[in-house]
Amino acid sequence: MTKPSEAAERLKAKFGEAILSVSEFRGEVNVTVGKNAIRDILLFLKNSDDLRYDLLIDLCGVDYCGDDPRFEIVYLLHSLPNNNHLRIKTRLRENETIDTVSDVWKAADWMEREIYDMLGISFNNHPDLRRILLVDDFSGHPLKKDFPLEGPDFDKPFTVQLEEETRTDKGFNG
Amino acid sequence: MAETRTMTINMGPQHPATHGVLRLLLELDGEIITKVVPHIGYLHRGVEKLSESMTYPQALTLTDRLDYTSALSNNLAYCLAVEKLLDLKIPKRAQYLRVLLAELQRLAAHLLWVATHALDMGAMTVLFYAFRERETILGMLEQVTGARLTPSFVRIGGLAKDIPDGFAAEVRAFVEDFPRRIDEYETLLTDNIIWKKRTQNIAPMSADEAVNYGVTGPVLRACGVNYDVRKAYPYSGYDEFDFEIPLGERGDVYDRYVVRLKEMRQSNRIIDQAINNLPTGPILADSAFAVPPDKEAVGKDIAALIRHFKIAQEGFETPRGEVYASIESSKGELGFYVVSDGSNKPFRMRIRPPSFINLGALPKMIEGQMVADVVAAIGSIDIVLGEIDR
């Protein structure tokens with residue numbers, strides 16, 4: 001039974017500089033890695049004999065608007081044999097793309113589409129990168145922090161525009 | 001030689017058997033499905049984005065509207081995530097009551113599932129039987145929470161209220177009666193030859209495929225994979241309860257049915273233990289900055305009144321960091337990944353929706369199968385579109 005902290009040590013030993021930082025918060029181990037090594041690292045975690053992170057629980061994106069690099073992609077893995085979680089994170093700049101893992105875990109297919117839909121991040125070699133929740137002709141990516149929450153006429157009173165009525169009567173006295 | 005042409009038909013979004021607004025594009029070669037393209041998002045309300053402009057206690061109400069067949073479970077998962085972020089200790093009584101309510105809610109959700117799933121395939125009687133018990137459960141939940149559909153009852157730090165007088169006796173009577181009711185559903189379905197022909201070897205998945213597709217919940221366990229969040233990462237005191245995780249073998253529609261029915265029996269056991277071993281004590285954590293004061297104190301004590309308004313209006317600030325907390329909902333692993341920047345609003349609240357990810361495996365399940373089995377496959381995954389589209 002290997003622990004997530006041991007997995008982090010193994011990653012450090014194997015990938016060296018690609019592992020940027022390891023932190024722990026509330027008993028959860030976070031490993032931040034370089035964007036270019038992400039696929040190799042995840043493949044290693046999945047296929048290595050003793051680590052066996054075989055279930056991709058979650059894959060999501062976070063927009064740290066103002067920071068550089070701006071976006072963070074978060075992979076949450078679960079190991080069925082060892083029963084523990086490991087979170088792998090990687091940062092990327094605006095307009096940068098990242099390799100898909102939808103061929104490693106089929107589960108990643110829709111989750112990557114959702115990230116593309118909500119944050120506008122493209123995944124290289126994804127088989128079917130389309131919007132998933134929003135309509136195809138939607139403009140913008142709403143989970144970006146700079147996505148406008150209000151429209152230009154949000155605070156204006158709503159007026160009903162009726163067709164001009166032709167008034168023939170002039171009232172009681174007319 | 002005749003030319004082979006495939007036909008594309010559209011199923012949904014308005015279709016009674018898609019359990020909401022799911023649209024499938026089916027490409028057919030005769031009656032065999034060659035390709036499936038699901039289209040989702042018709043119920044998208046942007047819950048993840050909305051929560052970013054709400055305080056932590058306010059965002060709780062959004063979670064009710066995800067999987068609206070088991071709102072209390074959603075409340076619980078969200079509260080567990082925020083409590084983990086705050087490092088709150090929840091009193092034992094609140095933990096047991098949460099387990100009790102979550103399991104009652106699971107029963108209600110599974111009953112709704114067995115009713116509609118059987119109805120989809122033409123077995124109408126099951127609906128009336130299952131809804132009879134579901135009504136009893138919803139009545140009990142209404143007594144406690146005041147609502148049938150969107151209770152928002154599980155609160156950050158504990159529960160909104162304690163259970164009313166007479167509730168325990170009602171639960172005990174229900175628990176005693178319920179196994180016989182499950183027997184009734186089983187008489188209708190389990191050995192029914194038509195049911196078996198309609199469900200066995202339909203939309204099967206192997207264990208490896210299911211894991212690869214990230215499937216969780218009864219659909220995964222029907223393949224024989226023993227993964228249940230209640231056992232793997234026990235929350236809310238589940239490690240103190242004695243229950244088993246039912247597993248299937250073939251991973252087909254029939255096994256999913258069997259696993260869910262066995263799960264209902266286990267849930268019944270858990271409810272029995274929870275109500276009989278219910279500890280006494282407070283139902284809210286002792287935390288002056290995150291937990292609102294007692295309602296009685298608010299009327300008498302000016303300090304309590306100020307605290308009450310402060311939490312209701314401004315919420316509370318959380319430590320910087322990120323946490324993931326998950327529960328075993330009736331559909332699978334429901335997780336909340338909350339990133340905090342130290343303010344009183346979630347910087348990012350990601351919902352890990354079990355139905356969304358389980359539905360992603362639908363094309364794999366039904367490609368190569370008959371078009372008439374699509375309805376059986378969709379029903380067996382037990383999707384709720386409110387959770388898929390968020």
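Author: Start with the face between the two domains of chain B. The model is predicted. The area buried between domain 1 of chain B and domain 2 of chain B is about 1500 Å². Carbon and sulfur atoms give 73% of that area. Three residues of domain 1 of chain B lose the most area to domain 2 of chain B: His19(B), Glu31(B) and Ile33(B). Together they account for 39% of what that side buries.

Now place the two domains. The domain assignment puts domain 1 of chain B at 7-39 and domain 2 at 47-388. Their C-alpha centres lie 28 Å apart. In contact are 19 residues of domain 1 of chain B and 17 residues of domain 2 of chain B.

What holds polar atoms together across this face? The rule finds four residue pairs in polar contact between domain 1 of chain B and domain 2 of chain B. On the domain 1 side, the elements that give two or more residues are strands S1 (7-11), S2 (23-29) and S3 (32-39) of chain B. S3(B) gives the most, with six residues. By class, this side of domain 1 of chain B has 13 nonpolar, four polar and two charged residues.

Next, the face between the chains. Chain A brings 43 residues to the contact, and chain B brings 41. The area buried between chain A and chain B is about 3600 Å². Here carbon and sulfur atoms give 59%. Arg26(A), Trp110(A) and Leu133(A) supply 19% of the area that chain A buries against chain B, more than any other three residues.

The rule finds seven across the interface of chain A and chain B. In one of them, Arg26(A) pairs with Asp87(B), with the closest N and O atoms 4.0 Å apart. Polar contacts between chain A and chain B come to 21 residue pairs. Five elements of chain A each supply at least two residues of the side that touches chain B: strands S2 (28-33), S3 (55-63), S4 (71-79) and S5 (84-92), and helix H3 (108-119). S3(A) gives the most, with nine residues. By class, this side of chain A has 24 nonpolar, six polar and 13 charged residues.

Over all chains, the structure holds 54 salt bridges. Take the one between Glu28(A) and Lys84(B), whose closest N and O atoms are 2.5 Å apart. Glu28(A) lies in strand S2 of chain A and Lys84(B) in helix H3 (residues 71-86) of chain B, so this pair joins two chains.

Last, one helix of chain B. H13(B) covers residues 302-314, which is 13 residues. At 1.5 Å a residue it should span 18 Å, and its end C-alpha atoms are 18 Å apart, so the two agree. At the start of H13(B), a side-chain oxygen of Asp301(B) reaches to within 3.1 Å of the backbone nitrogen of Ala303(B). After H13(B) comes Gly315(B), with a positive phi near 70°.

Notes
Residues numbered from 1 in each chain as written. Chains lettered and ligands numbered in written order. Predicted model: local features only at pLDDT ≥ 70, side-chain atom pairs only at ≥ 80, totals over all residues. Heavy atoms only, no water. Domains from an automatic or database assignment. Contact = heavy atoms within 4.5 Å. Buried area = accessible area lost by both parts, 1.4 Å probe. Polar contact = N/O pair within 3.5 Å; in protein donor to acceptor, adjacent residues only side chain to side chain. Helix = DSSP H or I, 4+ residues; strand = E, 2+ residues; numbered from the N terminus. Nonpolar A, V, L, I, M, F, W, Y, C, P; charged D, E, K, R; others polar. Salt bridge = Lys/Arg side-chain N within 4 Å of Asp/Glu carboxyl O. Expected span 1.5 Å × (residues − 1).
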